Amino acid sequence: AASPAALPIHLNQIGFEPGDAKIAIVEGGAAPIEWTLVDARGQTVKRGKAQVYGPDAASGGEVQRIDFSDVRTPGEGYRLVVNGSRSDPFVIRAGIYAPLARDALAFFYHQRAGVPIEAKRVGAKWARPAGHPKEVAKCFAGRDERGVEWPGCGYALDVTGGWYDAGDHGKYVVNGGIALWTLLNAFERRPVAGLLDEAKFEMAFLLAMQVPEGTRTRLPTGPEIDVGGMAHQKVADRNWTKLPMPPQDDPEERLLYPPTTAATLNLAATAAQCARVWRGVDDAFAARCRAAAERAWQAAKRNPQIYASNSFTGSGGYGDGDVSDEFFWAAAELFATTGGAEYREAVTGSPHFRADLREPGWPSTATLGAITLATARNGLPKVEIDRLRRAIVAAADRFLADEKGNGYGIPYVAKDYPWGSNSSLLNRAMLLGLAHDITGVTRYRAGVVDAIDYVLGRNPLGQSYVSGYGARPLLNPHHRFWAHSLDAKLPGPPPGVLSGGPNSTSMSDDVAKAMRGKCAPQRCWVDDVHAYSMNEVAINWNAPLFWVAAWLDS
Ligand code: 9MR
């Protein structure tokens, strides 16, 4: 299946809420282009001249901006017309983000391991048997790709359940952490029906990844150490599987990979958040989470520099050589939950406590801790909480300033777009949303709208990066089950799934390699199932899509 050809007018293909900013981008040079907004009957609603932006490095073209924000009359079938060419039809209506929030959350159910995906919940098209239904995994033992020898361990863990990370079947604690935190943070901000059931499914898996007490191991270098209470980095296939590969057909051996400080702190942070969120909802689960979080914290302090090796085949690395931000994040969550003096000291003594905030990502999690300290009830003095709230607003101001540095007017500027760039943008949108919560100032909401507009079609490819949404939706993400372009018996993606998006930094798959050096950052993308470095899906990308859609809907 292929989407229709892109048009020269680029806008959010689902439309606009009546009170929101309404911006479209049109390709064009120095002379301002005249535009007309027509309703479903073809009647002119408004006319104007576009504002010239000029040459734009991010999109590699010349662009102009159309602003019809003051049109607030609800309706279907609106179109913009420029030089005789019409845009896709769009709506102006309240509540347009509610279905997107619901579907973006449903993604996590689809990604569940260990249980059947039931037709009564997702429809027959997306139902499948359980993948890895009894996952009792042993530790990797032997040589990695670089010939380093790993000792293995004397136990197996039942790690059934949790979410598959992405298009592959790895289950990673680093990355599970930020994805789960983002869902739970949305819930802490405003409860959402069904969210805790989904979140608990991943939390239980993360708890299961904790190394048993009293376990000693020898890392490839160094003496024997006590790793009890740490978390394994991941459970994953020994070798990469081919595409397509429905999870129930995966023939590979599943293995636990060595515990790492970063995974341990991801567990500490999310389990501490769990203890807060489930308190009064399921006290036994909350207590279990709290105990696991405190044990993980102690284990990370005992072993503060055990980094993931990227040298195992069969799964992603998620290796990170700086865990100072994970220490800060975990301390912040533990402090907010317990008020403990040790955690307070770790928070206030961290270089991240007073640092500028940037958009979070799996390797940079300090902002998650700062958000919790700024928004969840905790024992910091009011002056410190106010300062952290100002830091969120200051970050949002920098993102808004970035809108002037690119033609499509999005709150994101980078010389090159990274792997998962859509999530970088949406994580900025989350901070913009929080800045709006803190200040009530409209321009922060407009910034969130700019970000979702881009993701839903206001981009040089005229592409909606979300399946099931817009005139040119994502159709062929890199995914081992939703691979209908490779096997007609398989489904395509369900609605509400986000592509990682343009990647001009690490174009490592074969489709991307052929495009290297030939695309402007926002154009380094193609809707191809093989293009894993541009067109994969992932839990840490759909989580901010959900957060932002839920926020817009609130
Ligand atoms: O999102 C990750 C990105 O930041 C890294 O640059 C990339 C290469 O290491 O890996 C991405 O994560 C992938 C993970 O390793 C395996 N599952 C799919 C993830 C998304 O592509």
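This note walks through the ligand site and several residues of a predicted model.

1. Ground rules. The model is predicted, so local features need pLDDT of at least 70 and side-chain atom pairs count only at pLDDT 80 or more, while totals for chains, interfaces and linings use all residues. Residues are numbered from 1 along each chain as its sequence is written, and side-chain values use heavy atoms, with hydrogens and water left out.

2. The ligand's shell. Which residues surround the ligand? They are D165, A166, D168, Y172, G316, G317, Y318, W362, W419, E536 and W541. A residue is near a molecule if one of its heavy atoms lies within 4 Å of it. The shell divides into 6 nonpolar, 2 polar and 3 charged residues. Here Ala, Val, Leu, Ile, Met, Phe, Trp, Tyr, Cys and Pro count as nonpolar, Asp, Glu, Lys and Arg as charged, and the others, Gly among them, as polar.

3. Polar atoms at the ligand. Look at D168 first. A polar atom of its side chain lies 2.9 Å from a nitrogen atom of the ligand. In the side chain of W362, an N or O atom is 2.9 Å from an oxygen atom of the ligand. The side chain of E536 has a polar atom 3.0 Å from an oxygen atom of the ligand. On its own, the ligand has 460 Å² of accessible area, and the protein covers 77% of that. Such areas come from the Shrake-Rupley method with a 1.4 Å probe; for residues, only the protein chains shown count as cover.

4. The ligand takes up the space of the largest pocket. The search uses a 1 Å grid over the protein atoms alone; a pocket is an open set of points with protein on both sides within 12 Å along at least five of seven lines. A molecule sits in a pocket if more than half of its atoms lie within 2 Å of its grid points.

5. D165, from the shell. D165 is in the loop between β14 (156–158) and β15 (171–172). Helices (H or I, at least four residues) and strands (E, at least two) are DSSP runs, numbered from the N terminus. Is D165 buried or exposed? D165 is buried, because its relative accessible area is 4%. Buried means under 20% relative accessible area, exposed over 50%, and partly exposed in between (1.4 Å probe, protein chains only). D165 and A538 are 373 residues apart along the chain, yet their C-alpha atoms are separated by 5.7 Å.

6. R445 and its partner. R445 belongs to helix α12 (residues 442–455). Its relative accessible area is 16%, so R445 is buried. What does the side chain of R445 contact? It makes a polar contact with the side chain of D20, at 2.7 Å. A polar contact is a pair of N or O atoms within 3.5 Å; within protein, one must be able to donate a hydrogen and the other to accept it, and residues adjacent in sequence count only if both atoms are side-chain atoms.

7. Backbone points to check. Most residues other than glycine have a negative phi, and most peptide bonds are trans. L243 and P244 are joined by a cis peptide bond, with omega about -10°. P244 is in the loop between β18 (231–237) and β19 (254–260). H132 has a positive phi, near 45°. The loop between α2 (119–122) and β11 (136–139) holds H132. H132 counts as buried because its relative accessibility is 11%. N175 also has a positive phi, near 105°. This residue is in helix α3 (residues 173–189). At 0% relative accessibility, N175 counts as buried.

8. Pairs across the chain. V526 is in the loop between α13 (510–513) and α14 (532–535). V526 is partly exposed, because its relative accessibility is 29%. V526 and D39 are 487 residues apart in sequence and 32 Å apart in space, C-alpha to C-alpha. Y257 lies in strand β19. Y257 counts as buried, at 1% relative accessibility. From Y257 to D487 there are 230 residues in sequence and 32 Å in space, C-alpha to C-alpha.

Methods
1 Å grid on protein atoms, 1.4 Å probe; cavity = no way out; pocket = protein on both sides within 12 Å on 5 of 7 lines; lining within 4 Å.
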